[in-house]
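Please examine the structure shown below. The questions that follow concern helix packing and backbone geometry.

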Amino acid sequence: MCPPAMALTNDDEFQKGVKHLFENGVSKLPNKYILPVSDRPKVDKEHPNAAKSSLKLPVIDFGELQGPNRSQVLNSLSSACEEYGFFQVVNHGLPIEAIRSMIDVSTRFFGLPYEERAKYMSSDMTSPVRYGTSLNQRKDSVFCWRDFLKLVCHPLSDVLPHWPSCPMDFREVAATYSRETKWLFIRITEAILESLGLWGATTEVKTEEDDEILKQFHDGSQLMVVNCFPPCPEPDLTLGMPPHSDYGFLTLLLQDEVEGLQIQYKGKWITVEPMPNSFVVNVGDHLEIFSNGRYKSVLHRVFVNPAKPRLSVASLHSLPFNCMVGPSPKLIDQVNPRRYKDTDFANFLEYISSCEPKKKNFLESRKLT
């Protein structure tokens, strides 16, 4: 049953996360989670589990990308990155078993007693494993309705011993999944570079520099974030995640069948319809910078619902942490002058540590006026 209301005025309770609140039978949303009216999701009152308008994202058939229709698929990929900043990938070649096992083991991790999950709580943003809540639980004035497990995935052999050892198969399943998504990221990145005219069949002369950029991605950073959104007593007052864009190059998102992801499209919040066994892929800030603004890193957020828990696994990929990311020199000319400053992961960490991340401010801070 719900603990006495007094316990919920204690800030320490919120630091334990929303799964802990849910397990203790919270029946009213604590003030700590109530957003200002202007920031609240507009939930359809007749169907509280769904937001009003939904969107089928452009679908990229990965099998077609490997076949004779590659050039048409590259055109679709390019327009998806320019118009939506998001697309879905089907026929991706990842074993369905690896995907299902990752969802299953993640569900079991969040089903562990709080004391077991809390072993991985840390405010150190560089820690190889970090369990926490909200977006930044040390800084957020209003908390969002999510708990997360963040796993640094590179180099795998160094970080694996730090990952959760319970459930017993967690490390094995998560490591397999991380390797599979890395492989898919590299293949999609080849296609993205080719669609920008920077690599592959479309480049007239391939240089060492072209191969070097791909080599850097092979050795690049990978961060896996497992998100848990328990049922929420008053979903119209809060969000699972506030509007944000992803800092990396590409994010590969695996989600269960429960709706929740929304993207900002033409000034409106549109719900992305989940497709079984597909990946939602989105352009990150680094790719917007690298493409000199041609491909768009788009604001997205997560809404929650009163009846169903939701789980997602985001795999964020980019260049190595110590690498500077700037616009590709081949995409800069008199017609398209340089639009962004160079940046690296240290700039990003400094930025998010110094402020409450609101909207796309990090990317805005890298723009040249």
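Q: At what angle do helix H5 and helix H8 pack?
A: This is a predicted model, in which local features need pLDDT of at least 70, side-chain atom pairs count only at pLDDT 80 or more, and totals for chains, interfaces and linings use all residues. Residues are numbered from 1 along each chain as its sequence is written, and side-chain values use heavy atoms, without hydrogens and water. H5 spans residues 96–110 and H8 residues 170–195, with axes 9 Å apart and an angle of about 140°.

Q: Is H5 roughly parallel, roughly antiparallel, roughly perpendicular or oblique to H8?
A: Angles under 35 degrees count as roughly parallel, over 145 as roughly antiparallel, 65 to 115 as roughly perpendicular and the rest as oblique. The angle between H5 and H8 is about 140°. Therefore H5 is oblique to H8.

Q: Which residues in H8 meet H5?
A: Contact means heavy atoms within 4.5 Å. From H5, the residues involved are Ala 98, Ser 101, Met 102, Val 105 and Phe 109. Their partners in H8 are Phe 170, Val 173, Ala 174 and Tyr 177.

Q: What is omega for the peptide bond from His 154 to Pro 155?
A: Pro 155 lies in the loop between strand E5 (147–152) and helix H7 (156–159). The bond from His 154 to Pro 155 is cis, with omega near -10°.

Q: Where is Pro 167 found?
A: A cis peptide bond, with omega of about 0°, joins Cys 166 and Pro 167. Pro 167 is in the loop between H7 and H8.

Conventions: Axes fitted to C-alpha atoms, helices over the stretch in contact; angles between N-to-C directions. Helix = DSSP H or I, 4+ residues; strand = E, 2+ residues; numbered from the N terminus.
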